[in-house]
Every structure is written in C-alpha cells, then in structure tokens.
Amino acid sequence: EISEMSERSKQNVAHGLAWSYYVGYLKIVLPRVKKSMEEFSRANPNVLACRETWKLHILVPLSCDIYDDLEKADSNIRYQTDLTETTLTRAGTKKRVYKHSLYAIRDEDKLWHCVVEYATPLQSLYAMSQDEGAAFSREERLEQAKLFYRTLEEILKGSKECAGTYRLIAYEETGEEETHFLSREILWHLRQQRHEEYALHEGNQPHNPSTTLSSTELNIQISESDLPQPLRSDRF
C-alpha cells in the first residue's frame, strides 16, 4: 500500500533520478575532475588561476529547461576545449568515454574559466511533464526538481570521494527575458569560490561551504508551497 501511494504521488521519481545520476555518473567522473584540470592547468598555466573553481559546476534549473548548447543559452558563455577523456568499460560497452567541457564566462572585460554542464536527469523530468502517459503536471515538475536538488545535495555531502570536486548551481528563471541570466548565475558562484580561496589563504573560515550553497541560503522549500521560492535574496 505504501509503495502504491508513493507511486501515485510520484514521490520516488526525483529520489530515484538523483541516486541514478550519482551512482551511474557523478561517482565515476567527479573523483577524476581535479586531475584533469591539473593536467590542463600545467599545459595552460594562465587560464585556471583560481584552484577553488577546479570543480564540475552542475547547473540545476528548477524549470528543467535545458539547452544542449550553452553558447545558445547565453552569448557570454563560450566553449573553449574538452578536458582529458576518461575511458571505462561499463555495462557491456567497451571503452565508454566520459569527458567535460571547459567554458569561458565573460564578466565585462574579464574572462572566467570553468567546467560546467547541466544535471541531465532534469531532461527526463521535463520530458515527463510533456508526455500524457506520465501525467506529470508543471507544478509537480517544479516540486520534483526541488526534491531532486535536495536529494542530490544530501547524497554528495555524504560522499567522501566526491568532496571538493563539484558545485551545485540551482536557480529559477524570473520569467522575464534576460539575455545573460545564466552567465550571471555562474559568475556569482565563481566569485564566491574565489572569495573562499582568499579567505583560506588568509587563515579565515570561508563564509560558505566550498562544495555548494546550503539549502538554507538557496531557500528551496519542498511541498510547503505551490509557489516558486526565491533561490537567494542578493541579485545583480
């Protein structure tokens, strides 16, 4: 009966997607991210100046609206190159390739470089909301996206092998046409990480955890309101 109730209320969807994303992808690639960035930095010493940003930046749009091409999402985001590939044999596939792309984010006259990609399971949530067979409403999609983020955050916080290798960037679009909304979100996190690195060099405790913004700061609430909640109060 409990299983049927959970299935009817779709409580297992986001939870399952978050665990699948972690076990089937993040747990594999995240421990290798810093090594790839170290290799790139040795060959390009002037590009990745801030070591605190040597992480996989994972975009979590609560709308589940994902662009396959980040350059089309925001013209201030430009593809630079791919990091060293990781090749593994997985689930019967020989030499399965895992790789990440390095992007340059324009900040007025300055360029910030980081590895960034979307949380791909959100594409499944979006597709379910468009499929009549899934009977997944827009409101349910929003709640599931929030639950996906919270679940993934808790999983990663408990993962020793993934510590210090990622940054979750959860955000909710304002609904207005903002040409550079996404680049501003990424830049905010890059600046925070730079601040954290300086704080550590000076012997002070950083204001925010190095892995991600906390749920309290993001102010994402689950199942307490049908209305979208602001992710943070400080805006550009």
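The protein has 7 helices and 7 strands in this predicted model. Along the sequence these elements follow the pattern α-α-β-α-β-β-β-β-β-α-α-β-α-α. Five of the strands form an open sheet, and helix H5 lies across two strands, E1 and E7.

**Overall make-up**
- The protein is 236 residues in length, and 47% of these count as buried.
- Among contacts with a separation of 6 or more, 69% are between residues 24 or more positions apart.

- The open sheet has 5 strands in the order E2-E5-E6-E1-E7, and its pairing is mixed.
- Strand E2 (77–82) and strand E7 (166–171) each have a single partner strand, so one side of each is left without a neighbour in the sheet.
- From one strand to the next, the twist averages 40°.
- Strands of a sheet pair through backbone hydrogen bonds, and the pairing can be parallel or antiparallel.

**Strands E1 and E6**
- Strand E1 covers residues 56–61 and strand E6 covers residues 110–118; the two run parallel and are joined by 4 bridges.
- Leu 56 has Val 115 in E6 as its bridge partner.

**Helix against the sheet**
- Helix H5 spans residues 138–157 and lies across E1 and E7.
- The angle at which H5 runs to E7 is about 165°.

Definitions and conventions: Residues numbered from 1 in each chain as written. Predicted model: local features only at pLDDT ≥ 70, side-chain atom pairs only at ≥ 80, totals over all residues. Heavy atoms only, no water. Buried < 20%, exposed > 50% of the residue type's maximum accessible area, 1.4 Å probe, protein only. Contact = heavy atoms within 4.5 Å. Pairing = 2+ DSSP bridges. Axes fitted to C-alpha atoms, helices over the stretch in contact; angles between N-to-C directions.
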